[in-house]
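Colleague: I am new to reading models like this one. Could you show it to me and let me ask about the terms?

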Amino acid sequence: IRARATALAYGGAFVCEVESAEELPHKKAFIRDVIPGELVEAEVTEEKKNLVEARLTAVIEPSPARISPPCPLYGTCGGCDLQHMVIEAQREAKVQMVKDTIRLHAGISAEAGVTLIGRELPSCNYRKRILLHCDPGGAMGFYRSKSGEVIDVQNCLLAGDGINMLLEKVRKYSSGFTSHAGSLVLEEHG
């Protein structure tokens with residue numbers, strides 16, 4: 001299908017208007033790794049009554065906000081959904097999603113606007129807390145998107161230096177507890 005991305009949806013996919021598939025009239029497509037305004041090609045992976053889920057296959061008209069994701073695990077690790085966008089575009093998409101949700105589900109407009117707390121934070125190395133999942137094989141990390149598979153993470157690009165240093169120290173002992181622990185929270189104080 002050909003589709004034009006319009007807005008971020010809850011869960012990291014983007015709502016897209018299907019433009020080219022005659023067999024899918026008036027349906028919306030949910031596609032990951034796109035940016036509002038982009039025209040893309042995608043392969044339908046699941047069809048539902050009023051929408052389809054699809055996998056991006058090509059970007060026909062790229063957005064100027066598109067970048068190469070800085071994290072080498074992007075697309076494998078399910079921890080981040082928007083690293084293919086410059087940080088300003090990520091933040092704007094999130095604000096617009098909140099406005100749209102309030103309008104669509106509550107029937108009101110956010111006349112005073114929606115303020116994004118943390119707009120001044122850098123795009124990387126800012127998180128003071130992460131939740132890591134463990135598997136019996138010794139992996140510690142985040143779940144692969146739409147899966148229960150743990151993707152082993154040695155260093156999280158979004159986590160602060162203190163969290164990543166702690167992750168390195170905890171990793172030395174992980175073989176002793178990952179078979180017994182389902183998850184582990186690392187939190188930096190001060």
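Colleague: What makes the contact of E43 with R55 a salt bridge?

Modeller: The closest N and O atoms of E43 and R55 are 2.5 Å apart. A salt bridge needs a side-chain nitrogen of Lys or Arg within 4 Å of a carboxyl oxygen of Asp or Glu, so the pair qualifies. E43 sits in strand β4 and R55 in strand β5, twelve residues apart.

Colleague: What are these values based on?

Modeller: This is a predicted model: local features need pLDDT of at least 70, side-chain atom pairs need 80 or more, and totals for chains, interfaces and linings use all residues. Residues are numbered from 1 along each chain as its sequence is written, and side-chain values use heavy atoms, leaving out hydrogens and water.

Colleague: Why is E38 called buried?

Modeller: Its relative accessibility is 0%. Buried means under 20% relative accessible area, exposed over 50%, partly exposed in between (1.4 Å probe, protein chains only), so E38 counts as buried.

Colleague: Which residue does the side chain of E38 meet in a salt bridge?

Modeller: R66, at 2.7 Å from N to O. E38 is in the loop between β3 and β4, R66 in the loop between β5 and α1, 28 residues apart. R66 is partly exposed, with a relative accessible area of 26%.

Colleague: How do you know that β4 and β5 pair?

Modeller: Strands (E, at least two residues) are DSSP runs, numbered from the N terminus, as are helices (H or I, at least four). Two strands pair if DSSP finds at least two bridges between them. Eight bridges join β4 to β5, so they pair, and they run antiparallel.
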